[in-house]
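I opened a notebook for this structure. These are the things I looked up, in the order I took them.

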Amino acid sequence: MKILVCISHVPDTTSKINFTDGDTKFDTNGVQFVINPNDEFGLTRAMWFKEKQGASVDVVNVGGAETEPTLRKALAIGADTATRVNTEAKDGMQVAKELAKVVQDGGYDLVIAGRESIDYNGGMVPGMLATLLDANFVNNCISLEVDGTSAKAVREIDGGKESVSTSLPLVIGGQKGLVEESDLRIPNMRGIMMARKKPLNVVEPTNASAETTSASFEKPAPKGDVKLVDADNVGELVNLLHNEAKVI
Amino acid sequence: MSVLVYTESDKGTFKKIALEAASYAKAIADKMGTTVTAVTVNADDTSVLGNYGVDKVLKVNDSNLDAFNAKSYASVMQQAAEKEGAKVVVVSSSADSKYMAPVLAVNLNAGYASNVVEAPSNTSPFTVKRNVFTNKAFANTTIDTDVKLVGLSKNAFGVVENSASATEEAFSPSLPESTVNVESVDKVTGKVTIADAEIVVSGGRGLKGPENWGMIEDLADVLGAATACSKPVSDLGWRPHSEHVGQTGKPVASNLYIAVGISGAIQHLAGINASKVKVVINTDPEAPFFKAADYGIVGDAFEVVPKLIEELKTFKAQQ
């Protein structure tokens, strides 16, 4: 089984979010970038397929050279090779089209992506990619087993979960549950050394066009201070929620 | 030319997000000087949609659509959009709609903007404001394609009454072969889900153990709320994963979010920030949640929560 894991290069959750150039660009100054958490759960599940079922695992990112340390981290975790499509990621459709080319050229059976990236939160690349490839698609995937060309997956739904059966080729939008937080791997020194020697292929884009343009950004209005209620006067909270906030 | 909206139902009854999506579609239709057409799948009485601005209902009834299937539902919406010549299609942010929308976007060659929080500021170019960086910022995004697909954030636009009388038309689209088949569904019944809840009551490690969750459930019961928990609580196995809210868990966009014994790690706050009013109850006045909350009580949850339940019962009895 050939697995491709899509890796988004995103600001660490604790990053301060600011914009530059007249609020048209994300300010990367001082920002620490990481593997998108939803993708990391998928990558870790892919490692299980590699170790238990002999799958090969490659990783891919659509982005500039600045995303390479994030791909190297994925290699250090255990991926075999990395591919970077050398173009700025503009929107979901453009990224999906670039990824579709990589999947077709590489002949992958299973593509594991995260349900959404924590930067632009589009939540659309996995579904678009599956549809462009005419592959099967399971979103919000919290469990995945593959046996030959058949697959069993569990999808999180509003208020519960749903078990589905499907087959390869398959694209999933994965999330926590594919593996647990405690299963995530911190690259060790050997992994980091080996990652330096693994192939990181840079391929030129197909120049797929974007369909949406994020022209400007803004931050939410600053929030007022918390209104504290005395622990001995809990009734006041009920009063405030009813008369002031009007939510009960 | 009309604005097309997918109005989701559960066991034949429309979800609140469906009425919100219809209200939103009406706002767009007014700006564009056109009408609203809703698509329903296996819904019973569709007349209620008229109260939210829907002019026409394409009613699909097909037992092959009893279980949700992204490919089939996207095909239904595509055929409806083509039949109506719709240039704008609106869906909600339910798990099902978010599953279907990217498939539909490819089928319709439509640019897709998700997590949209307001009516378009302009319809040419078609410009919407959407949540990005997990509720830490907004992007003003134009959709540059001929057909536009808008995914509306939950509880952002609100349900707006707009009296019209909807005409109903039976619609029987052809369905693609299903290659992802539902084997079983494990869904909590009789409880408010986090996705649908107006109020969410959430517990953290400050509750010391799963045996203390009774008061969280009691508080949720008196408020008609859903229960949720922080990541450490689900990692420790005190509560099921399905209750974990936060960046890697479920997003919450309720009217009221009450956090009990949750310190407010940035990953947690990112997931619940779209809630309108936030209340924190915590012994530690330095807990970061107090910076994110609208109302707070510094105190021991084991004393405060039972008192709060009593006060709420008294309040509810007077209503």
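**Entry 1: a marked site in chain B.** I began with B:Gln267, which lies in helix H6 (residues 266-272) of chain B. Helices here are DSSP runs of H or I with at least four residues, strands are runs of E with at least two, and both are numbered from the N terminus. I note that this is a predicted model: local features need pLDDT of at least 70, side-chain atom pairs count only at pLDDT 80 or more, and totals for chains, interfaces and linings use all residues. Residues are numbered from 1 along each chain as its sequence is written, and chains are lettered from A and ligands numbered from 1 in the order in which they are written.

I checked the UniProt record, an unreviewed entry. Its "binding site" annotation covers, among others, B:Arg205, B:Gln267, B:His268 and B:Asn282. UniProt positions follow the numbering used here, feature names are shortened, and annotations may be inferred rather than shown by experiment.

Is B:Gln267 buried or partly exposed? B:Gln267 is partly exposed, because 18 other C-beta atoms lie within 10 Å. The cut-offs are 20 or more such atoms within 10 Å for buried, 12 or fewer for exposed, and in between for partly exposed, with C-beta atoms placed from the backbone. B:His268 is also in H6 of chain B. B:His268 is buried, because 27 other C-beta atoms lie within 10 Å.

I listed contacts next, leaving aside neighbours within four places in sequence. B:Gln267 is in contact with A:Thr13, B:Lys231, B:Gly246, B:Gln247 and B:Thr248. B:His268 is in contact with B:Ser230, B:Lys231, B:Gly246 and B:Ile262. Contact means C-beta atoms, placed from the backbone, within 7 Å.

**Entry 2: chain A.** I counted six helices and 15 strands in chain A. Its C-alpha trace spans about 65 × 45 × 40 Å along the principal axes. Of its 248 residues, 50% are buried.

**Entry 3: a sheet across two chains.** I followed 10 strands through an open sheet with mixed pairing, in the order S13(A)-S7(A)-S6(A)-S1(A)-S8(A)-S12(A)-S9(A)-S10(A)-S11(A)-S13(B). Strands pair if DSSP finds at least two bridges between them. Which strands stand at the edges? They are S13 (200-203) of chain A and S13 (181-187) of chain B; each has a single partner strand, so one side of each is left without a neighbour in the sheet. Neighbouring strands are turned by 30° against each other on average, direction ignored. Axes are lines fitted to C-alpha atoms, for helices over the stretch in contact, and angles run from 0 to 180 degrees between N-to-C directions.

I looked at one pair inside the sheet. S6 (residues 56-62) and S7 (residues 81-85) of chain A run parallel, joined by five bridges. A:Val59 stands opposite A:Ala82 in S7(A). Helix H3 (residues 92-106) of chain A packs on the sheet and touches S1 (2-6), S6, S7 and S8 (110-114) of chain A; its direction makes about 150° with that of S6(A).

**Entry 4: where the chains meet.** I found 72 residues of chain B in contact with 62 residues of chain A. On the chain B side, the largest share, nine residues, comes from H3(B). I also noted a strand pair between the chains: S15 (residues 227-228) of chain A and S18(B) pair in the parallel sense over two bridges. There, A:Leu228 has B:Gly296 as its bridge partner in S18(B).

Definitions and conventions. Contact = placed C-beta atoms within 7 Å.
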